[in-house]
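Reader: I am new to this structure and would like a friendly tour. Could you show it to me first?

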Protein chains: 2
Amino acid sequence: MTNAPSQRTQVKRLPDRGKYDEATIHSILDEAYLAHIGIVEDGQPIVIPVLFARDGDSVLLHGSPASRTLRNAKNDGIRVCLTVTLVDGFVIARSGFHHSMNYRSVVVFGEAVPIVDESERWNALDLIVESLVPGQGEMVRPMTAKEVKGTMVLRLPLDEASAKIRTGPPGDDAEDYALPIWAGVIPITEVYGAPIPDPALEHDIPVPAHLENYERPRG
Amino acid sequence: MTNAPSQRTQVKRLPDRGKYDEATIHSILDEAYLAHIGIVEDGQPIVIPVLFARDGDSVLLHGSPASRTLRNAKNDGIRVCLTVTLVDGFVIARSGFHHSMNYRSVVVFGEAVPIVDESERWNALDLIVESLVPGQGEMVRPMTAKEVKGTMVLRLPLDEASAKIRTGPPGDDAEDYALPIWAGVIPITEVYGAPIPDPALEHDIPVPAHLENYERPRG
């Protein structure tokens with residue numbers, strides 16, 4: 001992890017919102033599970049939602065959902081930009097101009113490289129499931145060699161990553177604070193509801209505790 | 001709106017998940033407020049979170065949050081991919097392999113063109129605020145000419161847009177349904193909490209009703 005930001009990860013606008021320390025970047029990535037990954041295909045930008053998991057100093061990407069593009073990745077990798085955004089609130093200002101969003105985001109530039117080694121890929125797939133839903137790894141039927149063979153997993157190092165965070169009340173123009181207009185923040189939270197059993201469930205199995213009380217780590 | 005998908009908007013993987021009708025695309029865009037916009041800069045993909053609003057057959061993008069890239073947009077526009085993802089649940093399967101996500105997403109390809117006309121830009125900024133928080137338009141102090149002059153708004157037509165949707169229980173392998181493993185969906189919802197007043201609020205103003213009961217249109 002580079003603490004001194006490279007030129008392209010340095011936050012150019014409102015540089016006080018830029019945070020580069022590893023702990024901040026990791027905590028945002030660990031709370032999130034969905035990334036938007038950008039690649040270039042014949043000069044055209046393509047942005048795809050993809051589930052991911054952090055594995056130390058890199059993130060693991062399940063290739064299939066983004067197949068048409070990521071599957072073109074050669075063994076030496078494909079150049080990507082991976083962006084993760086956690087929304088924390090709407091910022092309600094006294095002027096339309098200062099309305100904003102409280103959020104925590106991470107942008108990662110780099111080469112996403114397919115994991116060629118099958119046992120490494122096996123571990124990576126296990127880690128993605130376990131990161132998405134901790135406790136699932138030991139519940140599910142074991143993966144098969146065929147499944148591992150047919151699945152692409154890419155690893156993207158976090159060498160060139162930056163975070164951007166906005167928190168707190170609006171930043172209105174000085175003269176607007178005297179106006180009789182309400183201002184503040186509408187907090188936004190993602191909530192995980194009571195698990196809905198598959199109608200095809202053939203056994204009378206209670207919902208496992210790790211699913212009943214599902215939560216993400218909150219940064 | 002093209003109902004027949006162009007080659008690059010056609011959903012290649014799991015084509016049954018592809019939905020192209022205008023009503024579906026509009027309802028996803030109207031429920032969402034955050035997009036991830038991808039552009040190409042010197043061959044490098046860059047993906048930035050941005051607030052947006054639908055305006056008929058196009059979307060409006062506030063340029064500032066994405067300034068370093070979108071501000072480079074010439075009057076003839078900048079080639080972008082705008083992706084919007086609403087997450088509805090984690091799909092818990094009997095095998096790790098079939099774990100998935102229920103979601104509704106829209107991908108738009110096109111040229112985002114800066115709105116040059118100032119009165120049109122004025123209306124666009126009003127529309128973005130009102131779309132983000134309906135009712136705010138008439139609460140805030142009016143925009144100033146200086147604010148409008150200093151703000152970039154881009155319009156991206158929805159001519160080349162596609163939606164992708166996954167709903168329902170896991171699709172497990174036929175032989176796995178007999179296993180005594182719980183399967184189903186953990187629903188995910190975004191919740192808007194009680195508004196938090198700005199500590200700098202100088203008047204004893206109650207929270208306006210449109211903020212107290214904030215909701216997004218649900219598709």
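**How the two chains meet**

Author: Welcome! In this model, 79 residues of chain A are in contact with 79 residues of chain B, where contact means that the C-beta atoms of two residues, placed from the backbone, lie within 7 Å. The model is predicted: local features need pLDDT of at least 70 and side-chain atom pairs count only at pLDDT 80 or more, while totals for chains, interfaces and linings use all residues. Residues are numbered from 1 along each chain as its sequence is written, and chains are lettered from A and ligands numbered from 1 in the order in which they are written.

Reader: Which strand supplies the largest share of the side of chain A that touches chain B?

Author: Helices (H or I, at least four residues) and strands (E, at least two) are DSSP runs, numbered from the N terminus. Several of them each supply at least two residues of this side, including strand 3 (44–55) and helix 3 (118–132). The largest share, nine residues, comes from strand 9 of chain A.

Reader: In what sense does strand 9 of chain A pair with strand 9 of chain B?

Author: Strands pair if DSSP finds at least two bridges between them. One bridge joins A:Ile188 to B:Tyr192. The two strands have five bridges, and the sense is antiparallel.

Reader: Is A:Val40 buried or exposed?

Author: A:Val40 belongs to strand 2 of chain A, and its contacts beyond four places in sequence are A:Pro45, B:Val40, B:Gly43 and B:Pro45. A residue is buried if 20 or more other C-beta atoms, placed from the backbone, lie within 10 Å of its own, exposed if 12 or fewer, and partly exposed in between. Because A:Val40 has 22 C-beta neighbours inside 10 Å, it counts as buried.

Reader: Which residues touch the most other members of the largest nonpolar core?

Author: A nonpolar core is a set of buried Ala, Val, Leu, Ile, Met, Phe, Trp, Tyr and Cys residues joined through C-beta atoms within 7 Å. A:Val59 touches residues including A:Leu29, A:Phe52 and A:Leu158. Of the 114 residues in the largest core, those touching the most other members are A:Val59, A:Leu61, B:Val59 and B:Leu61.
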